[in-house]
Amino acid sequence: MTDYIVKNVFALVKGENTSSNKTVVYHSHMDTVGIKDFGFLKKCAFDSKKLSQHFATFSQDEVLREEAESGDWLFGRGSVDMKSGIAVHLMNLFLFSEQIEELNGNVLLLLNPAEENDHSGIMEAVREFQRLEEEESLELSLAINNDYTTALYDNDPNRYIYTGSAGKILPCFSIFGREAHVGETLSGIDPTFISSELNRRINYNMNLTERMEGELVLPPTCLYQRDNKDSYNVQTALSSRLYFNYFIYKESLKNILDALLKETKTACEEVKNHMKDQHRNFLAYTHMPASEHLDWEIEVMTLKEYCLRLEKKGIHLSPLWDEILKNSDTTDKRELCFELVERLYEEDPDKKAMVILFLAPPFIPHNHLDEDIRIEKEILDLLQETIEEAEREFGETFVMKRFFPFLSDSSFLSLKETGEEANYLTENFPKMEKIYPIPMQTIQKLNLPAINLGVYGKDAHKRSERLFKPYSFNTLPDLIQKVTLKMLNHE
């Protein structure tokens, strides 16, 4: 596994002639996704003028063409996610640096990398926040992220403000079957068949989605599915890998994994019954005698349960995992986790068909401002007061929601998970302390309330990505200034 160095950028503006240590944190991520999706437009992926000219002749999408012609939209990779947010925060930081005699507190800027993959930038920043609090005597009171916002439905007139962040887990399924020659396929258990049934039951399943009134909640989505074969041969696959993007809002991790275990057991029961039926049909067609030794039972368990089973058999896990960590050449943390789980199975003398459910990076905590917590209720009231003023001043319609519907670095600024839930996470996450070390105690101590006042745009991560300039560069900076000053002046 190859490590890389994470470098964050900080800037601090301290108010003069004030005894207040209150500090508002501005944060944005500086990385973007790649530009492969631009195809023949790659050469101008960062050239807004050329992209505007291209889309102004785009006959397949009338709205896109009209917006490109209007001059109100800034096109290009990173225009909305997330370079524009950086620009807004920098402009406000420069503004306050010229008014330090009037600033009743401090403004701390953080620009961090690695939001689009494993969030290592913000996790390193959390540790730095702790140092800055101590050395600069800062009282970090509120974090303002300006990750992009967008319409939630066609012709949506609203501008959204989010008072929390959705979390995410990556539930992974390491699936082991029973190999067979393709000429004897019905005597085996194909792990890709199990994988397919699991995918069918979990992917896009709204019944596995939390019910959050008025919030945009999303179902699990398959991000990866493949078997272990690297080249052609006539043996069925030995194992298969599968994982899902799974948003979490308020539900406990244990309840989510229990629900996934239930789906997995049902899927495996379906596979078993299907295989038994097909084998009966095979015997009826061929008039072959039934084998007394064949069965299609598939065990299902969490990584924690599997580790306990192996330990009872006298198998020591640490040396096996240390060997993988030392010798693996993968740079993908998810692949590394699969290698760790598969190494355990290699040592299992039973070699039963089974599915092992575990977690891999990233794990992203969920949090939101809670009206039952006095300080957070005061922030919510302050925010409501500010947006009512802004609605009158700018003629916009603002709507407050609890959970930013996409993934956000703000998730790592406070932690709602209990100690028991944190233990459940680490017990089902192979070598989490090495592969994905989250500074949980530091985050819990920081406990920084975070909101998202974001730029507005469309089609993030698409080649038609674009930013609406009038709101993002005029209304939004003023709104952030108002919230900042109200927070710093709040007793």
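This is a predicted model: local features need pLDDT of at least 70, side-chain atom pairs count only at pLDDT 80 or more; totals for chains, interfaces and linings use all residues.
Let me begin with the charged side chains, because the structure holds 38 salt bridges, a salt bridge being a side-chain nitrogen of Lys or Arg within 4 Å of a carboxyl oxygen of Asp or Glu. Residues are numbered from 1 along each chain as its sequence is written, and side-chain values use heavy atoms, with hydrogens and water left out.

One of these salt bridges joins D37 to R77, with the closest N and O atoms 2.6 Å apart. D37 lies in the loop between β2 (22-29) and α1 (48-55), and R77 in the loop between β3 and α3 (83-97), so the pair ties together parts that are 40 residues apart in sequence. Helices here (H or I, at least four residues) and strands (E, at least two) are DSSP runs, numbered from the N terminus. Which of the two partners is buried? At 5% relative accessibility R77 counts as buried, whereas D37, at 35%, counts as partly exposed; buried means under 20% relative accessible area, exposed over 50%, and partly exposed in between, with a 1.4 Å probe and protein chains only.

Other salt bridges sit within a single helix. In helix α2, R65 and E69 are four residues apart and thus separated by about one helical turn, and their closest N and O atoms are 3.5 Å apart. In helix α14, K482 and D478 are likewise four residues apart, about one helical turn, with a closest N to O distance of 2.3 Å.

Let me turn to the sheet beside these helices. Three strands form an open, antiparallel sheet in the order β3-β17-β16, where two strands pair if DSSP finds at least two bridges between them. β3 (73-75) and β16 (457-458) stand at the edges with a single partner strand each, so one side of each is left without a neighbour in the sheet. β16 pairs with β17 (residues 466-468) over two bridges, and K458 stands opposite R466 in β17. Those two residues also belong, with E67 and D459, to a network of salt bridges.

Helix α2 (residues 62-70) lies across β3, β16 and β17, running at about 100° to β3. Axes are lines fitted to C-alpha atoms, for helices over the stretch in contact (heavy atoms within 4.5 Å), and angles run from 0 to 180 degrees between N-to-C directions. Helix α14 (residues 469-489) packs on the sheet as well, touching β3 and β17, and its direction makes about 50° with that of β17.

Now the aromatic rings. Rings of Phe, Tyr and Trp (its six-membered ring) pair if their centres lie within 6.5 Å; planes under 30 degrees apart count as stacked, over 60 as edge-to-face and the rest as tilted. By this rule there are 17 aromatic pairs. Among them, F173 and F244 are edge-to-face, at 5.9 Å centre to centre and 90° between the planes. F173 belongs to strand β8 (residues 167-176) and F244 to strand β10 (residues 239-248), 71 residues apart, and both are buried.

F176 and Y345, by contrast, are stacked, with 3.8 Å between centres and 10° between planes. This pair links strand β8 to helix α9 (residues 333-347), across 169 residues. Lastly, ring pairs link Y148, Y160, Y162, F404 and F406 into a cluster.
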